[in-house]
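Colleague: Please take a close look at one part of this model, the pairing of strands, and explain it slowly. After that, tell me what can be said about contacts between chains and about any sites listed in a record.

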Number of protein chains: 6
Amino acid sequence: MFFHSKQLAFQSKPDKPDPIFAKMLQEPLGGQWGEISVMMTYLFQGWSCRGPAKYKDMIMDIGAEEIGHVEMLATMIARLLETSPIDDQEDMAKNSIVGAVMGGARVEDAIVAGMNPQHYIVSGLGARPVDSSGNLWNAGFMTASGNLLADFRFNVTAESQGRLQVARLYNMTNDSGVREMLSFLIARDTMHQNQWLAAIAELEADGLETTPVPSNFPQEREHSPASYQFLNHSEGTESREGGWAEGPSPDGRGEFSYVENPGGSSDTGDLSQVDPRVYGTPAMPVPAAAKK
Amino acid sequence: MFFHSKQLAFQSKPDKPDPIFAKMLQEPLGGQWGEISVMMTYLFQGWSCRGPAKYKDMIMDIGAEEIGHVEMLATMIARLLETSPIDDQEDMAKNSIVGAVMGGARVEDAIVAGMNPQHYIVSGLGARPVDSSGNLWNAGFMTASGNLLADFRFNVTAESQGRLQVARLYNMTNDSGVREMLSFLIARDTMHQNQWLAAIAELEADGLETTPVPSNFPQEREHSPASYQFLNHSEGTESREGGWAEGPSPDGRGEFSYVENPGGSSDTGDLSQVDPRVYGTPAMPVPAAAKK
Amino acid sequence: MFFHSKQLAFQSKPDKPDPIFAKMLQEPLGGQWGEISVMMTYLFQGWSCRGPAKYKDMIMDIGAEEIGHVEMLATMIARLLETSPIDDQEDMAKNSIVGAVMGGARVEDAIVAGMNPQHYIVSGLGARPVDSSGNLWNAGFMTASGNLLADFRFNVTAESQGRLQVARLYNMTNDSGVREMLSFLIARDTMHQNQWLAAIAELEADGLETTPVPSNFPQEREHSPASYQFLNHSEGTESREGGWAEGPSPDGRGEFSYVENPGGSSDTGDLSQVDPRVYGTPAMPVPAAAKK
Amino acid sequence: MFFHSKQLAFQSKPDKPDPIFAKMLQEPLGGQWGEISVMMTYLFQGWSCRGPAKYKDMIMDIGAEEIGHVEMLATMIARLLETSPIDDQEDMAKNSIVGAVMGGARVEDAIVAGMNPQHYIVSGLGARPVDSSGNLWNAGFMTASGNLLADFRFNVTAESQGRLQVARLYNMTNDSGVREMLSFLIARDTMHQNQWLAAIAELEADGLETTPVPSNFPQEREHSPASYQFLNHSEGTESREGGWAEGPSPDGRGEFSYVENPGGSSDTGDLSQVDPRVYGTPAMPVPAAAKK
Amino acid sequence: MFFHSKQLAFQSKPDKPDPIFAKMLQEPLGGQWGEISVMMTYLFQGWSCRGPAKYKDMIMDIGAEEIGHVEMLATMIARLLETSPIDDQEDMAKNSIVGAVMGGARVEDAIVAGMNPQHYIVSGLGARPVDSSGNLWNAGFMTASGNLLADFRFNVTAESQGRLQVARLYNMTNDSGVREMLSFLIARDTMHQNQWLAAIAELEADGLETTPVPSNFPQEREHSPASYQFLNHSEGTESREGGWAEGPSPDGRGEFSYVENPGGSSDTGDLSQVDPRVYGTPAMPVPAAAKK
Amino acid sequence: MFFHSKQLAFQSKPDKPDPIFAKMLQEPLGGQWGEISVMMTYLFQGWSCRGPAKYKDMIMDIGAEEIGHVEMLATMIARLLETSPIDDQEDMAKNSIVGAVMGGARVEDAIVAGMNPQHYIVSGLGARPVDSSGNLWNAGFMTASGNLLADFRFNVTAESQGRLQVARLYNMTNDSGVREMLSFLIARDTMHQNQWLAAIAELEADGLETTPVPSNFPQEREHSPASYQFLNHSEGTESREGGWAEGPSPDGRGEFSYVENPGGSSDTGDLSQVDPRVYGTPAMPVPAAAKK
């Protein structure tokens, strides 16, 4: 069960409305690497966790924290779409965003053009479950596999992509209130990158999982000649110069080698003929007798 | 530019057709963590790469390799949907999959029921760009950010989730031809997990990027009190027992602390009133004068 | 069967082209609550209707009407993208939308920036089956369940969300031709909200369905203690002040009560261990013997 | 902010595993009208609420409750995919779901065929954010408009469609543990249908909103002749027999009338010619001079 | 405007219910190449048509016809999900589809496993706007470009893919009522393939459009050396043996040539360095001074 | 297998950055009719091809070529997002795109408003797998059916829609570098329209397939009265004036006729009553006895 506290995780008060930035701030809310994605990822990972209690509790903690981040961003976006406090109906019409398009002339075309139109038309000046291009959030943005190492690697990624995007957004605004909230999100992403890296180390220390994931698949069943070969698939061999082309592999079980001209199998992928009633094009015309 | 060799990366010959397994094998072809996802991920990462040549060449090599993996799986799926070579039209009708549903009675209902129906109706016994549930592949399954550490972390994840899924599939079939091909894929995923881990180490050794990503965002702009705190968001403190709750952080820049009862801000997220012509529900009835 | 009349349901002539408003007008055409959604909703509800003839005929009537609304909006959008009648090729190049981006300089950047680029590139100055953000219409926007009360409640919602959006659009334009057409749509939505409310009353009067939907599920099979309790899930009890927290329930079968501190069950959701060959992370390391 | 309690909202223990029913139970978890949809709907409605505090608090309460319903269903699905507690590795292989497909023969083809294959391959015997057909949840399934009456009507619909689906599922299983949990969900849906109906009554009593939504759009701007007309669009007039065809309208502002043969406007939707450089097909061939 | 006739385009009465075939029949209703796709394609092409009246009227005729095809298939699917007329409640429970899963034992697991579960749970034994895998219809399945030749080519394709799928379905059932309806659809697809081929001939005869589309783009602006070259991109030259590799081109304006070893440009796609505040990985470490 | 050459298919150097045009150029990269669509279409058609070797090789050649087109466009887009070479950090901040939004004032609002925000925030000034509205590419944009005539018709369409879109884009820019690359793409689309038309002729000459597709479905099983009738579905008979309404049909097997007032069947689509436990609305109230 989950309970709601009225306190926001961090204050979300912009200096002033900025509907174009509101559109951009949808990315960390509803984008591929936004807060809805991590919230749903962590909750589903936690609900399916069959590992030790400390992991499950930790995952649920951060899952609950992320719901609060969605809340914080949704609040900020709603405020970026607002006008200042109302003194007078007349004034409000002039100053408000809607006013800008209602006054006989489109005086602020650039603003209108740059907004997410659904912030007006659909949500009535509230946040939307979309990214900065307006794409609807979908569950293909999240991951939960039951294998904690595979999933914690996803989680490090999500916190890295997320911090990267928020850092870019930080440079696109001068609003001190917005920047303050972004600096909080950036700090939490610093924590969460570290947290998942620490959790990965712990999983390995606890003997639960290691590279290659899944570690309890019996490695003798692999086609072992291919397990540590770098296969060059282009002209030029710049790719030979990296640590992935020679020396011991990070899992400590192999030695990298570089194959400059990899060959394939002798199988050329030719397919057999099938029942003509599938109506695919065959290698030779179908005799009339078969057409019935 | 890209050129095609007729050799398959690995032989793709099943012992016998198995349309239900053909459906399941769509997951590593067209699923969230399938070969189309890594192919597109690596190609886009390579095409946008502004880093050193060895990285770009390496990314393009593996991108080209993955196109060949899609080809190998597509061939296997087409063959799992085929009947044996044709001697006789009469026989084919009996033995083929379509025959099973055409002979007056549905003799093999379980097979028909368990297939992906689009393998008949849409692709005519060929592979489809879908996952094992039939969901169409979409570009929300791939990632390319311009930041190589953020992206290489995604790549380690993709190779981990991918190897996990293929290992599960390995246990769902007894077909020796299929298992042989899967053992090749598992070996390549072993290589690729190691490759991306090595590339991450190289990026750090080259001084290009480190934790937290992005590493050249000035950390003094973070809201630093929050950068290394674990915030408990549930009853119980099992989450305190992990390496993420105390001790030095993996980035070497902080010390984890555990906050058992985290508080939020004093901001309760209340929103201001907006122009009544947005027609949202206000805190008080709108005076008649404003309704025009 | 359906037949087409060349008369538009209502005239769709703007005073002048306005490509930015054309983008916005896609919302009531192809958005979640646009005319395609209600057209498809009503048609599918009608085609699956097993209720009395008066309902089926009524649903089909409004379904057919809505196809005409899609037509009317598609025509308006095509006209908002047009230039004035052509006298002269030279002039047309200057005045037209394409001209604006072809004349050596981008003289009207705001307009170009604010348009839906697919109105140029994809549909060649025609309407698109998308919303105002450019999201493609999909069938997750419609509903048909076979239960008329559940569906008529959806229909009231659709006409409410639709009228709300069109009213907002009304305030974003000064074009008298556009406003006239919008005032027709608003009027029809007034009718349709009333129509579905009347239909709900009729369903109840006819003894076919009532609250709670579905009304012929035997209510003694409910976990009855939970049927009329309001469960507070947050600090503070403002939610106690509403009509949903005490007094008789609208279905006439219960009495609301307010539970300030709801408890859950004693089940904490712990999961059992599963076959190690699923490769999920277990509570304890898998003994070597099981790894095969 | 949100906090997690380890108690499930209701116990979620099936009598025995049933992987086919696990697939079906995805519908109320991740389908169009499932718990993720209502959870996200209520949270976004609450975060954007500019109405009185009692509404906002009430919406947040039920939003938090619904997160717990997602949790409860996710737990039940994970358990429906499990085998009984493990005594012996040998036995587990025989009894488990994975064992069924690994033992040399596919002894339970119908079960394998009827499962959601991603419950094996992707989530490793955990719940997925999908519906019973495997479609990924997306944000087009939720709604938040800023207008509480429009949104509460959606909420009544969601609780009606949801209760309908769960009632259907109740009849598809004999598992007493599953039925007990479903009877709890059905009871909560009874409450929630009543709750939103009561909230609609309260909104009207508070003078905040009424039919037609949005009620503060000045009705004199409607094209009033069309506001209360039922327009017959088919042969036959069975649709005349309902309460929507004559008598006072539910909003108390009009009188229904029935138009048997509605005419349209004189506008036939003809479009003007546009710049030939758009390359649409014109009414007459383009003179050579324009081709440049 | 559109009007509804109660007559179905063709009778839609199966000999008996068949819920598995009902799932398969969703493909021509709601799949990529199903009737919803052609209905929406033709309607949007018609509404945006700026060509001669005979084309627009013809497109609208077939658009209206296709709405009737959707209706016919929706009716057939609803009937394939039904039991026979009811004599007795007791019996109905035994014979009906729902009965099969309610009677204490799952006596017909294969049928239950092979159905689309949403035909039970969501639509209550009615058709759904989905394909045979359960994917929701979306507007990416339709096309309207404003250029009639480009669009008529799409239309020929749609009628070809459609007839192919229906022919496959014809071979998957023995139900004479279903086959009769399918033979009607196949006949209409024969007509429509011919119709669009005739329309293409007419467009060319009318001087409105020809190959290459769009024909009024001045061909001297093409990079002409590439306009008629076949570029071999693989080992082997089997592709030289076709009519696309030598001889006059179908547009009558060129001569095909075969390039066995095509070279590319001297541009190797290297990218420049960008502002470090974008946080992409650069070719060299960013000096400390830039990190602010 | 596939191998990468570092040469781009054609040079991709714009005269200068243009972020708004970069957004528009996403359409031919990642739109419904963009290069990803044709690349995936041709690769899947090739991998499933059971026809003669010359066809399979030809399809694979063009499939490989199209991967190179995606690469070329991705490079161009990345360059359109770049600033000029860097002399000086200070300057770069002023001149760069990011600089425009960082300098205290938003000096170039129109540019910022008109860009795809994900070009900043998500891809860090690289191309994205999306169309010009930001919709993610999905596999519903491609086609492979196993029947080469059905598929080659799709391919002609794709090259026609593609050339049309690129021709429109050509008129929206004055950048000579961009125009040069577009003129190469237009030339290749000229070739490819011709190529697929030639391939269609070859298929027919080889006796493998003809109109109507699929040609080996026995035409005596069609409902033949409907095979060559044009059915008028609207008022007015302008549609009678085309070559589709009389004369011989293009397949040489029929004679078109025009049916001015087509009738339907006597079936009115009425549905039977079903088990009340499906909870659909019946024609008459359900007796109490059935409610259990």
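**Strand pairing, and what lies beyond it**

Modeller: P248(D) stands opposite E255(D), a residue of β4(D). Keep in mind throughout that this is a predicted model.

Chain C lets us follow the pairing strand by strand. Strand β3 (residues 247-248) of chain C pairs with β4(C) in the antiparallel sense, over two bridges. Here P248(C) is the residue opposite E255(C) in β4(C). Six residues separate β3(C) from β4(C), and the two strands form a hairpin. In the turn of that hairpin, G252(C) has a positive phi of about 75°.

Next come the contacts between chains. Between chains A and B, 111 residues of chain A are in contact with 111 residues of chain B. On the chain A side, at least two residues each come from α4 (53-80), α5 (89-95), α6 (97-102), α9 (148-170), α10 (176-205) and β2 (229-231) of chain A. The largest share of that side, 16 residues, is supplied by α10(A). By type, the residues on the side of chain A that touches chain B are 44 nonpolar, 45 polar and 22 charged.

Chains D and E also meet: 37 residues of chain D are in contact with 35 residues of chain E. On the side of chain D that touches chain E, the elements giving two or more residues are α1 (19-24), α7 (109-114) and α9 (148-170) of chain D. This side of chain D divides into 15 nonpolar, 16 polar and six charged residues.

Last, the record. An unreviewed UniProt entry lists E35(A), H69(A), E159(A) and H192(A) under "binding site". These residues are spread over 158 residues of sequence but cluster in space, with a largest C-alpha distance of 13.1 Å.

Two of the listed residues can be examined more closely. E35(A) is found in helix α3 (residues 35-47) of chain A. E35(A) counts as buried because 24 other C-beta atoms lie within 10 Å, and the cut-off for a buried residue is 20 or more. Leaving aside neighbours within four places in sequence, E35(A) is in contact with P28(A), L29(A), E66(A), H69(A), V70(A) and L73(A).

H69(A), one of those contacts, is found in helix α4 of chain A. H69(A) is buried too, because it has 25 C-beta neighbours inside 10 Å. Not counting residues up to four places away in sequence, H69(A) touches A9(A) and E35(A). The helix that holds H69(A), α4(A), is also one of the elements supplying at least two residues to the side of chain A that touches chain B.

How values were computed:
Residues numbered from 1 in each chain as written. Chains lettered and ligands numbered in written order. Predicted model: local features only at pLDDT ≥ 70, side-chain atom pairs only at ≥ 80, totals over all residues. Contact = placed C-beta atoms within 7 Å. Helix = DSSP H or I, 4+ residues; strand = E, 2+ residues; numbered from the N terminus. Nonpolar A, V, L, I, M, F, W, Y, C, P; charged D, E, K, R; others polar. Pairing = 2+ DSSP bridges. UniProt positions renumbered as here; feature names shortened; annotations may be inferred. Buried ≥ 20, exposed ≤ 12 C-beta atoms within 10 Å, placed from the backbone.
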